[in-house]
Amino acid sequence: MRKLEDVLKDWEAVIGLEVHTELTALDTKMFCNCRLSHDDPPNTNVCPVCLGMPGALPVPNRKAIQSIVMAGLATNCQIMKHSMFYRKHYFYPDMAKNFQTTQGPVAFCMHGHLDLEVEGAGAAERPLWEDVAADGETPIARAEDGSYTVPIRILRIHMEEDAAKMVHSGGEEGRITGASESFIDYNRCGTPLIELVTEPDLRTPEEARLFMEKLQQTFKTLGISDCSLENGSMRCDGNISLRRRGETRLGTKAEMKNINSFKSLHDALEYEICRQAEVLEEGGIIYQETRHWEPSRRRTVVMRVKETADDYRLFPDPDLAPFDLTDDFIEEARARIPELPDAKAARYVAELGLKRADARQIAGDPAVASFFEEALEGAPAKVVATIANVMVNLAPSFDALTPAQVRGVAGLLAEDAITFAQAREVLEAVNGTDEDPERVVDERGMRQVTDTAALEPIVDEVLARCTDQVQQYHDGNKKVVGYLVGQCMKASHGTGNPKLFNKLLTARLEA
Ligand SMILES: [Zn+2]
C-alpha cells in the first residue's frame, strides 16, 4: 500500500466521528433508580424498567439532561428547548426491551463546533494547498511552522442509554465469532449515554485524534464523565470515505469500530485511507460496511454490512412525554460550567507567562490544572515558569507528589541550588512521603555552591591545567567548554553549579 502522505496528495479523506460518552459521574441510570456502578457483581443493579418488564414505566434522569446541556454549551451547540425521546428497535440480548431509547431528528444539542489547533509533525498530514475548512467559509491560516487552526462542526449531541455488557468466552479476542458461551451483565443496561456526531469535516487522522483528545479534555473538565477510552466509558466510531481531489461528491463510507485509544484512532484511519485508495486505484468498489480495527495485526477487517436507518423502525416513545426545557434550566446548566481548557490555557499564557505548549498541557487535564494552581500558592513570580516546567517534564514520572513538594523543588531549581538531574532525584526521594525537598537536598549535601567567589579558584585551577582544551577553544571549538565544566564539577566534588561554571569559564575564555 502507498504511504498516507502520498495518498493524501491525490485523494481527499472525508472523516466523521461518532463519540459515545457514558455519564459516569451520575449516581443512577437514565430511566430508573438503579445504581450506576461498574464494580458490583453482575446483574445486581437491575429493576423492571431496565430489564424491560411489561408495564414498567421510564422516568428521565434530570441530572443526565443537565449534563448533556452542559456538554452542548461547552461545544458551542444550540440547545433545543423542544425535543423528545424515540425508540430504536432491534433484537439482541443486550437490550431486554428490544429497543433502545434515544432521540429523533431533534436532539437536545444541535449545530456546534470545536476549533482544533493542529501543530507539530501531524500538521503536515493536511496538504499545504488546502486553505478553506470543510464549512466552506473559514480560512485555514498556516503559521510558518505549518501549524494551523480549523473548526470542526458538530451535527448534534443526543441523549440515549447504554446496552448491557456481553462477554463471549472460548472465541478469538473475546468476540462472538467462535465463542462457546456468552454472558450478559445488565448492570450497564440503561446507563446514561450521550452521543456526539460530527459533520464529516475532518480531513486527516491527526485531526481526528486531536478532536477526540479535545472532546475528552472538555467533558472531563465539565466533570460529567471519567472519559476512559480504555475502560469504554468513552467510545469512538469513525466514518471514512475518499474522493479524488477537486471532487465534491462524497464517496461510499466505511465505518470503523473498536477504537480504544488515541493511537488506535489515528492508526486505524491511516490504514483505512490507504486501503481504500488501493481498492479505488485498482478499479474496485468500497462497500458501505462496518470494519473492526485489529491493533495487533494493524489492519481493519469486515464485521458486517451496515443496516440502514429504516431497519430500526424509529418512532416517538409513547411512554415519555416531549421535553420543554426552560430558560432557568439552561441557565442553571450554564452556571455549572467551569473554566474550559482553552480559556484556562490562554489565561496561563497571558497572566503567568507560561509557554503555550506547557499551558495547554497543564490546562488539558482538570486534575493536573488544579494541582498546578495549588502548587502556585505562595510561590514567588520568578518560580512560576519553573513550576510549570517541573509539572510538564518531571512530575508525570511520579504518582504521589504534593503540590508543596513540586513548589519546593521548583524553588530550588529556580535559584540554581540544584540541577535538573538532581531535581529528579529529589522528587524520587519525596514521592509518596511528606518530606520537604529542601531537607532532602540539605541532608544529601546536594545544595550547589552558587557563590562566585568560592567557584573562581576552581575555574582558575582547571584553566591552568587544561591548556590543550583552552587552545582548542581559541581555535574555534566552542563545544570544549562542556569538557571544562565537567572538570570543574569534578574538582568541586559535584557541589558547584554547572550553569555558573559555564558562565565563569566562558567569560574567562572570551576575555
Ligand atoms: Zn433499573
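Predicted model: local features only at pLDDT ≥ 70, side-chain atom pairs only at ≥ 80, totals over all residues.

Modeller: Helix 6 and helix 7 pack with their axes 8 Å apart, at an angle of about 140° (axes are lines fitted to C-alpha atoms, for helices over the stretch in contact, and angles run from 0 to 180 degrees between N-to-C directions). That angle makes helix 6 oblique to helix 7, because angles under 35 degrees count as roughly parallel, over 145 as roughly antiparallel, 65 to 115 as roughly perpendicular and the rest as oblique.

Residues are numbered from 1 along each chain as its sequence is written, and side-chain values use heavy atoms, with hydrogens and water left out. Helices (H or I, at least four residues) are DSSP runs, numbered from the N terminus.

The protein is divided into domain 1 (4-334), domain 2 (341-443) and domain 3 (452-510), with bounds from an automatic or database domain assignment.

Where helix 6 meets helix 7, Pro341, Lys344, Ala345, Tyr348 and Val349 lie on the helix 6 side, and Arg356, Ala359, Arg360, Ile362 and Ala363 on the helix 7 side; contact means heavy atoms within 4.5 Å. Helix 7 spans residues 356-363, and its buried residues are Asp358, Ala359, Ile362 and Ala363 (buried means under 20% relative accessible area, exposed over 50%, partly exposed in between, with a 1.4 Å probe and protein chains only). Seen down the axis, these residues fall within an arc of 120°, so they line one face of helix 7; the arc is that of the directions from the helix axis to the C-beta atoms. They pack against helix 6 (341-352), helix 8 (366-376) and helix 9 (384-393).

Helix 9 also takes part in the packing of helix 11, whose buried residues pack against helix 9, helix 10 (403-414) and helix 12 (437-443). In helix 11 (residues 420-430) the buried residues are Gln422, Ala423, Val426, Leu427 and Val430. Their arc around the axis is only 140°, which puts them on the same side of helix 11. Ala421 and Glu428 are exposed on the other side of helix 11. After helix 11 comes glycine 432, with a positive phi near 80°.

Terms used:
Helix = DSSP H or I, 4+ residues; strand = E, 2+ residues; numbered from the N terminus.
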